[in-house]
Amino acid sequence: MKNYSIFFMLFILFSCVQTSEKNDHVVFGENSNAQWIQDGSPLPESDSLFYLDDPAPLFRKDFSLKSKIEKATLFITAAGYYHATINGAPVGMNVLDPAWTDYSKRIYYSEYDVTPLLAAGNNCLGVALGNGFYNPLPLRKWGRRNLRNDLTVGKPTFIAKLLITFKNGKTEEVVTDETWKYAYGPMVKNDVYLGVVYDARREIKDWNFPGFDDRSWSSAEPGKAPGGQLQKAFFPPVQITQEITPVEIYRPETGIFIVDMGVNFTGTFKMKLTGEKDDTVVFRFGERVYEDGTLNPMTTVAGQIKRKGIGGPGAPAIAWQTDSYIFKGESEEWFSPDFTYHAYRYMEISGLKNKPEPEDIQGLFFHSNIPNLNSFNCSSDLLNSIQEATERTFLANLISVQSDCPAREKFAYGGDLNATSESFIYNFDMQEFYRKTIYDWVDAMNDSTFVDTAPYTGIAYCGISWESAFLITQYYLYLYYNDTEIVKELYGLNKKWMDKVARLHPDGMVDKGLSDHESMEPVPVQLTGTSHYLQCARIMKTFASVMGDKTNETKYEMFADDLKKKIKAEFWDKPVTGKINRQTLFATLLYHEIIPEKELDAATDSLLIAVKNGPSGHFSTGIFGTKYILETLSENYSPEMVFNIVNSTTYPGWGFMIDRGATTIWETWKESDNTYSNCHPMFGTVTEWYYRWLGGIRPDPQNPGFKEFILAPATPEGLDFVKCNYHSPFGEIVSNWQKSMENSYRYEMKIPAGSTANVKLPVDDFQSISVQKNNMNIEKGKIEGLESGSFKLDEGSYLITVTKIN
C-alpha cells in the first residue's frame with residue numbers, strides 16, 4: 001500500500017468532497033440500503049492459479065411493479081466492470097464501465113434512465129461482473145511490475161440501486177443485497193490484457209428475464225467495499241462509436257485466416273460463427289503482419305512479456321492479445337468479447353473450417369465518447385492522412401484514461417499528457433475528461449516522491465516532467481475553457497505540491513528523471529525537467545493572480561525568474577559540450593522564453609542549423625522537443641519550413657509513417673515491428689501545429705477561454721487551402737483560407753458572440769485587403785489596422801480578400 005502524509009490525505013478528501021457536492025443527491029449515502037455484493041468463490045491463493053478458469057458471475061433480481069411508472073433510474077457501479085440488463089435488454093450504451101480509478105480513493109457510478117425497459121408486472125435486473133483493473137492477472141510486466149502489488153485490487157463486486165417513481169407519487173427501490181441470486185456464466189476467463197475465453201456451452205438461456213427458475217442459484221454474498229468514495233460520473237463514458245468492416249480476408253497458411261480491418265484501432269469485434277459443438281476458435285490480434293502475410297502481434301504484447309519465465313508463475317510465454325470461443329453446436333452463433341479491449345488492425349483466426357465473409361465480421365471501435373466537433377482539412381492529402389491517423393491514435397488511447405499505448409501498457413503517463421494535452425484539446429472537447437484525469441492525479445500522488453502514472457501503477461522514475469501533468473493540465477483547462485473552478489478547488493493542493501518539488505529539488509535544477517523520451521540524441525533532464533519546473537512556477541503565478549493571492553503571485557514570479565536564470569546560465573550563457581540533441585536544446589530554450597529578446601535571432605539561427613544538420617533536414621526530437629520545435633520554428637522563423645518537413649515522406653517524419661502504411665502514429669520515428677507501439681499519441685503534437693499555425697487559432701493567455709483570441713493563419717507555398725474550425729466556450733470559431741491566384745487569398749472567418757479575434761494576416765505593399773461581414777462590405781476606414789493585416793474582429797461571419805495589386 002502507498003504511504004500518504006496527513007496533509008495529502010486531507011487534500012485528497014477535500015477534492016472528493018468538492019466533486020461529490022455537484023451531485024443532485026447522495027445516491028449511495030449512509031441511509032442507502034444498497035450493499036456491495038459478490039459471488040462466493042475466493043480469490044486464488046497463488047499467482048499461477050489466477051490463470052485457471054474463473055467464470056464471470058451472473059447476478060439477477062426479480063421484482064414486480066403493481067403501479068404505473070412515471071420514471072425509473074438505475075444507479076450502478078462496480079470494482080471491476082459490469083454489464084447490466086433489464087428484462088434481457090442492455091442498459092445504456094456504455095462499455096468497460098465504470099471508469100478506471102484508484103478504487104480505494106474514488107469510484108464513479110453511472111446513472112441510466114431505464115423507464116422504457118420496465119414493464120408492468122414482473123421484471124428482472126441482471127448484472128454480469130468482470131475483472132477489469134480491480135482483479136488483474138499477476139502478469140509481471142517487463143519481468144517485474146505486478147499490478148496485483150501496484151494497484152488496489154480485490155474480488156470484483158458491485159452496488160446498484162433502481163429508483164422507481166410511480167405516477168401516484170410513490171417511490172420504490174430495488175437495491176443490491178443478499179436477496180440477489182448468482183451463478184457462473186459462459187465467460188470462463190476475462191482480462192483487460194490477455195482477453196477472454198467464452199464457452200458458449202455454458203450459456204444460461206433467459207437468465208436475465210423475469211420468470212427464470214433460479215432456485216438452483218446461490219444467494220449473493222456481501223462484497224468488500226473497495227474503500228473509495230462513490231461519485232457520479234461527470235465525464236464521457238466509453239462507448240462503441242464505429243463499426244468497421246474488413247477490407248480483406250485471406251488465408252496465409254492452412255487453418256489460419258487473417259482479417260484486415262484496414263485501420264489500426266482499439267476495441268473488440270462481433271462475428272457470426274459456424275462450427276461443431278466443442279470446437280474452439282482462437283482469435284489473436286496485432287498491428288502488423290509479416291512479409292509472408294502471417295500475423296505479427298509483437299508490438300502489442302503486454303508488458304514486453306515475450307519469452308517463458310518473464311511474466312511470472314502461470315503466465316503465458318508470450319502475453320499476446322487473444323480471445324477464444326467454444327461452440328455450443330447451433331447452426332449460427334455470434335461472439336463479441338466483453339470486459340476486455342485490444343489494439344489491432346489484423347485479426348488472426350484459427351479453428352474455423354470455412355473462410356469467413358466480410359459481412360460476418362465487424363470491428364468495434366470504442367473509446368471515451370468525447371465531443372468531436374472540431375475539424376481540420378487541407379489541400380495536402382498527406383497532411384490529411386496524418387491528421388486522420390493522429391485523431392484515430394488519440395481516440396484509441398482514451399479508455400477512461402489517456403494512455404500512452406492501448407495494448408502493451410494501457411497506463412496513463414503524465415509525460416505523454418504534458419506533451420499532447422493541447423493537441424487533444426484542439427481536436428476534441430476534453431474539459432470533463434481532463435477534470436477526471438486531474439482527480440486521478442490527486443489520488444495517485446504522495447508527498448515524498450514523484451509518480452509517473454495516474455491511476456498509479458507502481459512506476460516512479462520519470463520525475464517532474466511526468467507528475468507535473470497534475471498542474472499543467474489544470475492550466476490548459478484554465479487557458480482553453482476559462483475553468484477557474486478547478487483552479488480554486490485545488491489551489492491549496494497546488495501550493496503543497498510546489499513545496500514538495502522544492503524539497504525534492506532544493507537547488508532548483510532538476511537532476512533526476514526521464515527527459516526528451518525517444519529523442520534520437522541524448523537530452524539532459526536538467527534542461528527539460530527544469531523547464532517544466534519553470535512552467536509550473538509561471539502557472540502558479542497565474543493561479544495566484546486568479547485567487548487574488550498577491551503574496552504568492554510575487555513569490556512564484558520571483559521563483560520563476562530564478563529558474564529562468566539557472567537554465568539560461570547552464571544551457572545558453574556557456575557552450576554546451578558533449579553529445580546533445582541541439583534541436584531539443586534550442587527549441588526548449590525558445591519555447592520557455594529563456595532567451596533574452598536581443599539574442600532571439602542567435603537562438604533561432606542555432607535552431608535552424610540544428611534542423612538542417614538533422615536526419616534529412618528533419619526533426620530528431622522526442623516527446624517534448626517535438627512539441628517545442630513545431631511551435632518555435634514557426635514563431636521565430638517560418639511555418640513554411642515546418643510545413644515542408646511535415647509534408648514529406650522522407651525519414652524521419654509523420655509522412656514516412658503514412659508512406660509505410662501507418663494508420664495510427666508510431667511511438668518512435670524509426671519503424672518498429674517488434675518492440676514499440678504502432679499506436680502512440682506522443683508524436684501527435686503535429687495536429688496542434690495544424691490548428692495553431694495553418695488554421696491560426698490560438699488562445700490568448702491574458703483572456704482565457706477565448707474571450708479574446710488570436711487568428712493568424714499561415715499560408716505556406718505548396719498548400720492551396722485550409723478548412724479549420726474549433727469550438728470554444730463562446731461557440732464555433734472558423735478559419736478557412738484558399739489561395740485564389742498568385743499572391744492572392746480568400747479568408748473565411750467566424751467569430752462567436754461574446755468574443756473578439758485579433759487577426760494577423762500577411763499583407764505587403766503589393767496587396768490590397770477588403771472585408772465583408774455577414775455578406776455586407778465594410779469600409780476600410782472602419783477597421784483600425786486593416787491595411788497592415790493586424791486588426792480586431794468582433795462577432796460575425798467574415799470574408800476577407802487579399803489580392804495582388806496589378
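## A six-stranded sheet

Six strands form an open sheet in the order β5-β4-β7-β2-β12-β15, and the pairing is antiparallel. β5 (89–90) and β15 (218–219) stand at the edges, each with a single partner strand, so one side of each has no neighbour in the sheet. Strands of a sheet pair through backbone hydrogen bonds, either parallel or antiparallel. Two strands count as paired here if DSSP finds at least two bridges between them. Helices (H or I, at least four residues) and strands (E, at least two) are DSSP runs, numbered from the N terminus.

This is a predicted model: local features need pLDDT of at least 70, side-chain atom pairs count only at pLDDT 80 or more, and totals for chains, interfaces and linings use all residues. Residues are numbered from 1 along each chain as its sequence is written, and side-chain values use heavy atoms, with hydrogens and water left out.

Look inside the sheet at one pair. Strand β4 (residues 81–86) runs antiparallel to strand β7 (residues 121–130), and six bridges join them. I86 stands opposite L125 in β7.

## A hairpin

Strand β19 (residues 248–253) pairs with strand β20 (residues 256–273) in the antiparallel sense, over four bridges. E248 has D260 in β20 as its bridge partner. The two strands, β19 and β20, form a hairpin with two residues between them. In the turn, G255 has a positive phi of about 85°.

Now turn to the helices. Helix α14 (residues 639–646) and helix α16 (residues 686–694) have axes that come within 12 Å and cross at roughly 140°. Axes are lines fitted to C-alpha atoms, for helices over the stretch in contact, and angles run from 0 to 180 degrees between N-to-C directions. α14 and α16 are therefore oblique to each other. Angles under 35 degrees count as roughly parallel, over 145 as roughly antiparallel, 65 to 115 as roughly perpendicular, and the rest as oblique.

Which residues meet? P639, V642, F643 and V646 in α14 meet V686, W689, Y690 and W693 in α16. Contact means heavy atoms within 4.5 Å. The residues of this contact divide into eight nonpolar, no polar and no charged. Ala, Val, Leu, Ile, Met, Phe, Trp, Tyr, Cys and Pro count as nonpolar, Asp, Glu, Lys and Arg as charged, and the others, Gly among them, as polar.

## How α14 is covered

Is α14 mostly covered or mostly uncovered? It is mostly covered: six of its eight residues are buried. Buried means under 20% relative accessible area, exposed over 50%, and partly exposed in between (1.4 Å probe, protein chains only). The buried residues in α14 are P639, M641, V642, F643, I645 and V646. What covers them includes α3 (381–396), α12, α13, α15 (654–659) and α16.

Most residues other than glycine have a negative phi, and most peptide bonds are trans. Some places here depart from that.

The peptide bond from D97 to P98 is cis, with omega near 5°. P98 lies in the loop between β5 and β6 (106–113). A454 and P455 are also joined by a cis peptide bond, with omega about 0°. P455 lies in the loop between α5 (431–444) and α6 (464–467).

E593 is not a glycine, yet its phi is positive, near 55°. E593 sits in the loop between α11 (582–591) and α12 (600–612). E593 is exposed, with a relative accessible area of 54%. S616 has a positive phi near 60°, and is found in the loop between α12 and α13 (625–636).
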